[in-house]
Amino acid sequence: MSDEWSSDADAIDSDEEDGPDLPYDREDTFTAPESEVFLSPDPFAPEPYAATSRKGSIAEALVVADVIRRGYRVSIPYCADSPYDLLVDRQGKIERVHVKFAQVIEGGIRFPCATSRRVYTSANVDWLAACEPSSGRCYYVPAGQLGKGRRSMTLRSEATKRSGARLASEYLVF
C-alpha cells in the first residue's frame with residue numbers, strides 16, 4: 001500500500017517552479033483580476049452594486065456582537081427567507097430580531113422598517129435592531145412600536161419640539 005502512495009507522489013512534476021497559473025503576485029499576496037474587483041476601500045460608502053447585502057451583513061455582525069456582549073445567546077436561522085435575521089435567547093425566552101443598517105441623517109439616524117416584500121410588525125418579529133456602523137451603536141425597537149407596519153423610522157439624537165419624536169438614547173437598551 002505504501003508503494004501506491006509513493007507512485008502517486010512520483011507522478012507530480014517536481015521540476016515545475018511556477019506551479020499552476022494563479023492570480024498571485026511575486027509577494028504571494030492575492031491579486032484579483034480587474035474584472036473581479038468589486039469591494040470599496042470604505043465599507044460604508046454607497047456603492048451601486050451589491051451594497052445592500054454587504055451593508056446588511058455588516059449590521060448583522062455588529063448586532064450579533066452587541067447581543068453576545070450583553071450576555072445573551074444568539075442563533076442564526078438556516079433559511080434566508082425568514083422574516084427575522086436572529087433568534088436571541090433572553091432569560092429562556094426566544095425572541096425574533098430583524099436587523100437593519102441605519103443611516104446617519106441630520107439630527108439622528110434613519111432606517112427602513114420594511115422591504116419591497118415584507119412589512120415588519122409584531123406578527124413576524126419581536127424586535128427591530130438598527131445598527132449604525134460608523135459609531136458601532138445598535139438600537140433596539142420593540143415590535144409593538146412598529147404598529148401595523150411602517151416604511152421607516154427616525155431616532156433623534158436630541159429632543160425636538162415635535163411631539164412623538166423618538167430619542168435614540170432610549171433605544172440603546174435591549
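The following legends describe close-up views of a predicted model.

**View 1. The open sheet of five strands.** The strands follow the order β1-β2-β3-β6-β7, with mixed pairing; two strands count as paired if DSSP finds at least two bridges between them. Strands (E, at least two residues) and helices (H or I, at least four) are DSSP runs numbered from the N terminus. The edges are formed by β1 (73-75) and β7 (137-142), each of which pairs on one side only. From one strand to the next, the twist averages 30°, with axes fitted as lines to C-alpha atoms and angles running from 0 to 180 degrees between N-to-C directions.

**View 2. The pairing of β6 with β7.** Strand β6 (residues 127-132) runs antiparallel to β7, and six bridges join the two. Trp127 stands opposite Pro142 in β7.

**View 3. The largest pocket.** Its volume is about 700 Å³, taken as the space filled by probe spheres set on grid points joined across faces, edges and corners. A pocket is an open set of points on a 1 Å grid over the protein atoms alone, where a 1.4 Å probe fits, with protein on both sides within 12 Å along at least five of seven lines; lining residues have an atom within 4 Å of a point. Of the 29 lining residues, Gly56, Glu60, His98, Val99 and Lys100 are the closest to the centre of the largest pocket.

**View 4. Elements that line the largest pocket.** Helix α2 (51-69), β3 (93-101) and β5 (108-112) each supply at least two residues of the lining, and α2 gives the most, with seven.

**Notes.** Residues are numbered from 1 along each chain as its sequence is written. Local features need pLDDT of at least 70 and side-chain atom pairs count only at pLDDT 80 or more, while totals for chains, interfaces and linings use all residues; side-chain values use heavy atoms, without hydrogens and water.
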